[in-house]
Amino acid sequence: MGQFPPPPFFLQSLFIPVIVSGHPHSNETASENKMKNDIYLKVDVDTWRGTVEGVPRLLKLFARHQVRATFLFSLGQDHTGRALRRVFRPGFLGKVGRTSVLSHYGLRTLLYGVLLPGPHIARQGAEILRQAATEGHQVGVHCHDHIRWQDYVAHKDAAWTRRELEQAVFQFQEVFGYPPEVHGAAGWQVNAHALVQQGSMGFRYASDTRGRFPFWPMMDGLKGGVPQLPTTLPTLDELLGREGWNAGNIHQAVIAATQETLPHGHVYTLHAELEGMRLMPVMEELLLAWRAEGRRVDGLDILFNGLKDPLPRHQVVWGEVAGRTGQLALQGASC
């Protein structure tokens, strides 16, 4: 077994070391070798505003650049205002100030679930959700209630977890008329029950974790039911306001991170509320740079369908990612 080279020095704190096994690179085909340069886009849609404003703008941007993405939707009511409970968490206020949450999300969004009733995203925004699929993008499940999942799932039992997943799957099928095949956990928060239950609910793969290459998950002694396609690159809200990065140059940090060669390319998570709105110029800079480098930009389904070798099994562990508060689900050691 060997170990991948470390990420660029200014991004090393975003990752934990992982060990490679089961990748016979000496027998790589041309298509497998090309995958190392590809970028796979995962669009997290967290809020009602992100749905009705950010998604249509991203669809136009992607059409203009002729790229596909995987859109993962929050499908229940928008209760973003309840995130104010995080105010006492270490680092939360710092991130709020650094990333200008109010300017990106808007005051109304920050009142949903507290002083204003939250719109039901799947019911009221179904046409926009379907538009993403109609235009050729992959669609999947982010969650039912974004705040409830992100704040509580880590410590919940199997029954609670199944109810949340079943509600999300039900709403997805109501909108699209077919079951989802991909799940991407809100805030990279998950528990062992969710990883197991995904297999029995019809999902084929998930992107719930941060890491460096696809793997079969193991958490708390339980084997996950579907492979993980982890996010490999830093997100804009993790970089913004740190190390001198701002809206004018932040794309350079992401582009630098993509220069590291990984066995299956990179997964980049963007947000409809950020790259679909005020930070859209940054997203356009990324697309232009990746095209100039000859990289294919596509959805997670293309990554999954291109996997050939048996995937290794890795622990899912809790850890910190620079620029983000709290603990995230990370790809740990092989097992």
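1. A word on terms to begin: buried means under 20% relative accessible area, exposed over 50%, and partly exposed in between (1.4 Å probe, protein chains only). This is a predicted model, in which local features need pLDDT of at least 70 and side-chain atom pairs count only at pLDDT 80 or more, while totals for chains, interfaces and linings use all residues. Residues are numbered from 1 along each chain as its sequence is written, and side-chain values use heavy atoms, with hydrogens and water left out.

2. The structure holds 16 salt bridges (a side-chain nitrogen of Lys or Arg within 4 Å of a carboxyl oxygen of Asp or Glu). One of them pairs Glu284 with Arg64 at 3.3 Å, N to O. Because Glu284 sits in helix H13 (residues 280-292) and Arg64 in helix H2 (residues 48-65), this pair ties together parts that are 220 residues apart in sequence. Helices here are DSSP runs of H or I, at least four residues, and strands are runs of E, at least two, numbered from the N terminus. Glu284 is partly exposed, at 24% relative accessible area.

3. Arg148 is partly exposed at 26%, whereas Asp145 is buried at 3% and Glu164 is buried at 5%.

4. Lastly, Asp220 lies in the loop between strand S6 (216-219) and strand S7 (222-223). With 66% relative accessibility, Asp220 is exposed.
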